[in-house]
Amino acid sequence: MILQALHEYYLRRAADSDSGIAPEGMERKEIPFIIVIDNQGNFIDFQDTRDSTEDKGKKAKKVKSFLVPKSVGRPGKKGWQTAFLLWDHFGYVLAHPKSESDKDREMAQNQNTTFVNKIKEL
């Protein structure tokens, strides 16, 4: 009974566009940079979605939030085998390693292959 009521409440809130609640299967995610491509996959633009703000004398960057397909966990050594649809971090999207070590380069290449395959599945 309680779960049914909670589900109905979620549906009401999700139907309200001002609620900020993501529809089922989606989530809101802060994405600081967007790579814009055309229909053929050619690079068009690189957009910074961060806005500079000042809070209590400290400069900060507020990152814009986007509605994206829901992420899943990727724990363990084989976490690189899970890519998020149309968004992820630089290792997956650009095959850019976090350091110049051979291990990190190989990891970034594996991540990127997983990301590209996910896009091809779409």
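**View 1. The second largest pocket is lined by H89, F90, G91, H96, P97, K98, K103, D104, M107, A108 and Q111.** A pocket here is an open set of points on a 1 Å grid over the protein atoms alone, with protein on both sides within 12 Å along at least five of seven lines, and lining residues have an atom within 4 Å of a point. Two elements, α2 and α3, each give two or more residues to this lining. The most comes from α3, with five residues. By class, the lining has four nonpolar, four polar and three charged residues.

This is a predicted model: local features need pLDDT of at least 70, side-chain atom pairs count only at pLDDT 80 or more, and totals for chains, interfaces and linings use all residues. Residues are numbered from 1 along each chain as its sequence is written, and side-chain values use heavy atoms, with hydrogens and water left out.

**View 2. The largest pocket holds about 850 Å³ of space.** Of its 28 lining residues, L86, W87, D88, V93 and F115 are the closest to the centre. At least two lining residues each come from β1 (26–30), β2, β3, β6 (65–69), α2 (90–94) and α3 (102–121). The largest share, five residues, belongs to α3. The lining has 21 nonpolar, three polar and four charged residues.

**View 3. D38 sits in the loop between β2 (33–37) and β3 (43–48).** The side chain of D38 reaches the backbone nitrogen of N42 at 2.8 Å.

Methods. Helix = DSSP H or I, 4+ residues; strand = E, 2+ residues; numbered from the N terminus. Polar contact = N/O pair within 3.5 Å; in protein donor to acceptor, adjacent residues only side chain to side chain. 1 Å grid on protein atoms, 1.4 Å probe; cavity = no way out; pocket = protein on both sides within 12 Å on 5 of 7 lines; lining within 4 Å. Points joined across faces, edges and corners; volume = space filled by probe spheres on them. Nonpolar A, V, L, I, M, F, W, Y, C, P; charged D, E, K, R; others polar.
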